[in-house]
Amino acid sequence: MQMNCLILEDEPLAIHVLRDYIAEVPDLKLVATCINAFEAYNVLKENKIDLLFIDINLPKVNGIDFIK
């Protein structure tokens, strides 16, 4: 069963590392990478996301508040 993933991260190096890990797992499909909560919200409205990789320290809206 393939799981759709979303990365919500503002650090380019962390995004790169997460993309590489996701690419190594056949059952994971990266749908989008977002650098802020507003972008991620729009992706979540338009797509079925099963797994979210989220940074806690984000600008304006932190990861914990976004999850709530």
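The model is a predicted one, so please read every value below as computed from it.

**The nonpolar cores**

Let us start inside. The largest nonpolar core has 10 residues: Leu6, Leu8, Ala32, Cys34, Ala37, Ala40, Val43, Ile49, Leu58 and Phe66. At least two of its residues come from each of strand E1 (3-8), strand E2 (28-34) and helix H2 (37-46). Helix H2 is the main contributor, giving three residues to this core.

Ala32 is a handy place to look from. Beyond its neighbours within four places in sequence, Ala32 contacts Cys5, Leu6, Ile7 and Val43. Two of these names, Cys5 and Ile7, turn up in a second, separate core of five residues, which also includes Ile15 and Ile22.

Leu58 deserves a stop of its own. Leu58 sits in the loop that runs between strand E3 (51-54) and helix H3 (63-67), and it is a member of the largest core. Is Leu58 buried or exposed? Leu58 counts as buried because its relative accessibility is 10%, and the cut-off for buried is under 20%.

Which residues does Leu58 touch, apart from those up to four places away in sequence? They are Leu8, Glu9, Asp10, Ile35 and Gly63. Leu58 and Glu11 are 47 residues apart in sequence, yet their C-alpha atoms are 9.3 Å apart in space.

**On the surface**

Now to the outside. Leu13, Val17 and Tyr21 form a nonpolar surface patch, and together they have about 330 Å² of accessible area. Tyr21 is part of helix H1 (residues 12-24). Tyr21 counts as exposed because its relative accessibility is 53%, and exposed means over 50%.

Side chains of opposite charge can pair when their charged atoms come close. The count here comes to one salt bridge. The partners are Lys48 and Asp50, whose side chains meet at 2.4 Å, N to O. Lys48 is exposed, at 56% relative accessible area, whereas Asp50 is partly exposed, at 30%.

The table gathers the accessibility values for the residues discussed above.

| Residue | Relative accessibility | Class |
|---|---|---|
| Leu58 | 10% | buried |
| Asp50 | 30% | partly exposed |
| Tyr21 | 53% | exposed |
| Lys48 | 56% | exposed |

Definitions and conventions: Residues are numbered from 1 along each chain as its sequence is written. This is a predicted model: local features need pLDDT of at least 70, side-chain atom pairs count only at pLDDT 80 or more; totals for chains, interfaces and linings use all residues. Side-chain values use heavy atoms; hydrogens and water are left out. A nonpolar core is a set of buried Ala, Val, Leu, Ile, Met, Phe, Trp, Tyr and Cys residues joined through side-chain atoms within 4.5 Å. Buried means under 20% relative accessible area, exposed over 50%, partly exposed in between (1.4 Å probe, protein chains only). Helices (H or I, at least four residues) and strands (E, at least two) are DSSP runs, numbered from the N terminus. Contact means heavy atoms within 4.5 Å. Patches are made of residues with over 30% relative accessible area and no salt bridge: like charges are joined within 9 Å, nonpolar side chains (Val, Leu, Ile, Met, Phe, Trp, Tyr) within 5 Å. Accessible areas come from the Shrake-Rupley method with a 1.4 Å probe; for residues, only the protein chains shown count as cover. A salt bridge is a side-chain nitrogen of Lys or Arg within 4 Å of a carboxyl oxygen of Asp or Glu.
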